[in-house]
Amino acid sequence: MIPLSMAEKCTKNRIVKINGRDSVRNHLSELGFVPGTEVMVVSDNGRNLIVQVKSSRIAIDIGMANRIMV
């Protein structure tokens, strides 16, 4: 298991676990980040990631990406 922030670009990964407080986990869940879902890092500029979840592309900061374990 590694944080999403360390995943290779353009490689499909499956979410295993989401760490953090309940409010953070609920927010990520509302965006589509739930265990078992495939995600792919599309772009990484060092501070922010653009991630494809299902058919959507979502920008998240590195702090959020560190909470998503793949």
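Predicted model: local features only at pLDDT ≥ 70, side-chain atom pairs only at ≥ 80, totals over all residues.

Which residues does Ile-68 touch, if we do not count those up to four places away in sequence? The list reads Ile-2, Pro-3, Leu-4, Ile-15, Lys-17, Leu-28, Phe-33 and Ile-60.

Ile-68 leads us to the nonpolar core. The largest such core has 17 residues, and those touching the most other members are Leu-4, Phe-33, Val-39, Val-51, Ile-60 and Ile-68. Two or more residues come from each of α1, β3, β4 and β5. Strand β4 contributes the most, namely three residues.

Let me turn to the sheet. Its four strands form an open sheet in the order β1-β3-β4-β5, and the pairing is antiparallel. Strands β1, residues 12-14, and β5, residues 56-61, are at the edges; each has a single partner strand, so one side of each lacks a neighbour in the sheet. From one strand to the next, the twist averages 40 degrees. Between β4, which covers residues 48-53, and β5 there are six bridges, and these two strands run antiparallel. Within this region, Ile-50 is placed opposite Ala-59 of β5.

Staying with β5, consider Arg-57, which lies in that strand. Is Arg-57 buried or exposed? Its relative accessibility is 58%, and exposed means over 50%, so Arg-57 counts as exposed. Beyond its neighbours within four places in sequence, Arg-57 makes contact with Val-42, Ile-50, Val-51 and Gln-52. Arg-57 and Val-39 are separated by 18 residues in sequence, and their C-alpha atoms are 9.7 Å apart.

Ser-5 is our next residue, and it belongs to the segment before β1. With a relative accessibility of 14%, Ser-5 falls under the 20% limit and therefore counts as buried.

Val-34 sits in the loop that runs between α1, residues 22-31, and β3, residues 38-44. Its relative accessible area is 27%, which lies between the limits of 20% and 50%, so Val-34 is partly exposed. Not counting residues up to four places away in sequence, Val-34 touches Ile-15, Ile-18 and Ser-29. Ile-2 is 32 residues from Val-34 in sequence, with a C-alpha to C-alpha distance of 16 Å.

Finally, a word on the backbone. Most residues other than glycine have a negative phi. What is the phi of Cys-10? It is positive, at about 60 degrees, although Cys-10 is not a glycine. Cys-10 is located in the segment before β1 and, at 56% relative accessibility, counts as exposed. Lys-54 is not a glycine either, and its phi is positive at about 55 degrees. Lys-54 is found in the loop between β4 and β5, and with a relative accessible area of 59% it is exposed.

Thank you for your attention.

Terms used: Residues numbered from 1 in each chain as written. Heavy atoms only, no water. Pairing = 2+ DSSP bridges. Axes fitted to C-alpha atoms, helices over the stretch in contact; angles between N-to-C directions. Buried < 20%, exposed > 50% of the residue type's maximum accessible area, 1.4 Å probe, protein only. Contact = heavy atoms within 4.5 Å. Core = buried A, V, L, I, M, F, W, Y, C linked by side-chain atoms within 4.5 Å.
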